[in-house]
Amino acid sequence: MASEEKKILIVEDEKTIRDAVAAYLERDGYIVRGVGDGQSALEEFEKHSFDLIVLDLMLPKLSGERVCRAIRETSNVPIIMLTAKGEVEDRIIGLELGADDYLIKPFSPRELVARVRALLRRAHTEAEPQLEVLDFGDLVIDISGHKVLVEGKEVDLTASEFKLLTTLARYPGRVYTRMELVEKVLGYDFEGYERTIDSHVKNLRAKLGDDPRHPRWLYTVHGVGYRFEASQKPSEGSDAKASKK
């Protein structure tokens with residue numbers, strides 16, 4: 001089974017949708033737990049360890065936004081947000097809170113399963129040791145340890161944010177279009193992709209303390225995309241390229 005006993009929490013107040021999604025995921029070999037409100041979601045999250053969360057935006061008791069925010073305070077577990085809203089601004093609310101992906105209702109359970117596979121595969125790949133460190137002085141990206149240090153202090157990033165940063169930082173000065181970043185970071189394209197990448201960049205900048213008006217590392221190339229630059233020279237003996245431990 002591709003799932004390797006992965007555990008998934010489904011948070012959806014509509015029982016028919018919850019049961020349908022659970023059936024498809026269980027058929028694919030995942031262990032599934034489903035709840036119908038935000039409060040129960042946090043209780044389950046505190047009691048059990050999950051590899052991925054499917055989270056509805058509109059929930060009774062506690063909203064999906066509040067649940068996502070609470071989870072992100074302690075965990076970078078992959079989150080797929082479900083929403084019935086169609087406006088672009090509404091679609092990216094979850095992404096700005098730290099969700100890794102979203103689906104708009106009505107959606108195909110098969111598409112959800114495909115996105116679950118992609119997110120878990122990406123998380124697994126990023127967790128594999130690569131014995132690589134990108135050292136830019138005040139910013140150090142420890143790929144093998146899946147850690148980012150800013151001025152010596154560790155910064156917690158989601159899987160998508162970490163992938164975005166490493167993608168840009170591997171080739172300082174190279175300009176990536178938003179489409180290229182979607183393909184490299186998310187692995188697939190979907191409607192609203194430009195705003196999706198913009199949301200991830202916004203979150204990443206906030207966590208790194210990188211002011212977009214006076215950037216240190218992440219630069220916007222207007223009308224094109226983004227590039228990484230090291231504003232501080234790396235320490236002696238490093239050439240700002242990937243170095244082997």
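**Close-up views of a predicted model**

**View 1. An open sheet of three strands.** Three strands lie in the order S10-S12-S11 and form an open sheet with antiparallel pairing. At its edges are strand S10 (175–177) and strand S11 (218–221), each of which pairs on one side only. Direction ignored, neighbouring strands of this sheet are turned by 30 degrees against each other on average. Strands (E, at least two residues) and helices (H or I, at least four) are DSSP runs, numbered from the N terminus. Two strands count as paired if DSSP finds at least two bridges between them. The model is predicted: local features need pLDDT of at least 70 and side-chain atom pairs count only at pLDDT 80 or more, while totals for chains, interfaces and linings use all residues. Residues are numbered from 1 along each chain as its sequence is written, and side-chain values use heavy atoms, with hydrogens and water left out.

**View 2. The pairing of S11 with S12.** Four bridges join S11 to strand S12 (residues 225–228), and the two run antiparallel. Leucine 218 stands opposite phenylalanine 228 in S12, and threonine 220 has tyrosine 226 as its bridge partner there. S11 and S12 form a hairpin with three residues between them. In the turn, glycine 223 has a positive phi of about 80 degrees.

**View 3. Helices packed on the sheet.** Helix H7 (residues 159–169) packs on the sheet and touches S10, S11 and S12. The direction of H7 makes about 70 degrees with that of S12. Helix H8 (residues 178–186) also packs on the sheet, touching S10 and S12, and its direction makes about 80 degrees with that of S10. Contact here means heavy atoms within 4.5 Å. Axes are lines fitted to C-alpha atoms, for helices over the stretch in contact, and angles run from 0 to 180 degrees between N-to-C directions.

**View 4. The largest nonpolar core.** A nonpolar core is a set of buried Ala, Val, Leu, Ile, Met, Phe, Trp, Tyr and Cys residues joined through side-chain atoms within 4.5 Å. Buried means under 20% relative accessible area, exposed over 50%, and partly exposed in between (1.4 Å probe, protein chains only). Of the 27 residues in the largest core, Leu139, Ile141, Leu165, Leu208 and Phe228 touch the most other members. The elements that each supply at least two residues of this core include strand S6 (132–136), strand S8 (147–150) and helix H9 (193–208). H7 gives the most, with five residues. Among the residues that phenylalanine 228 touches are Phe136, Leu165 and Trp217.

**View 5. Strand S1 and its parallel partners.** Four of the five residues of strand S1 (residues 7–11) are buried, so S1 is largely enclosed by the rest of the structure. S1 pairs in the parallel sense with strand S2 (residues 31–35) over five bridges, and valine 11 has valine 35 as its bridge partner in S2. Four bridges join S1 to strand S3 (residues 52–56), also in the parallel sense. In S3, valine 54 stands opposite isoleucine 10.

**View 6. Aspartate 142 in strand S7.** Aspartate 142 lies in strand S7 (residues 139–142) and is buried, with a relative accessible area of 13%. The side chain of aspartate 142 reaches the backbone nitrogen of glycine 145 at 2.9 Å.

Notes. A polar contact is a pair of N or O atoms within 3.5 Å; within protein, one must be able to donate a hydrogen and the other to accept it, and residues adjacent in sequence count only if both atoms are side-chain atoms. Lists of a residue's contacts leave out its neighbours within four places in sequence.
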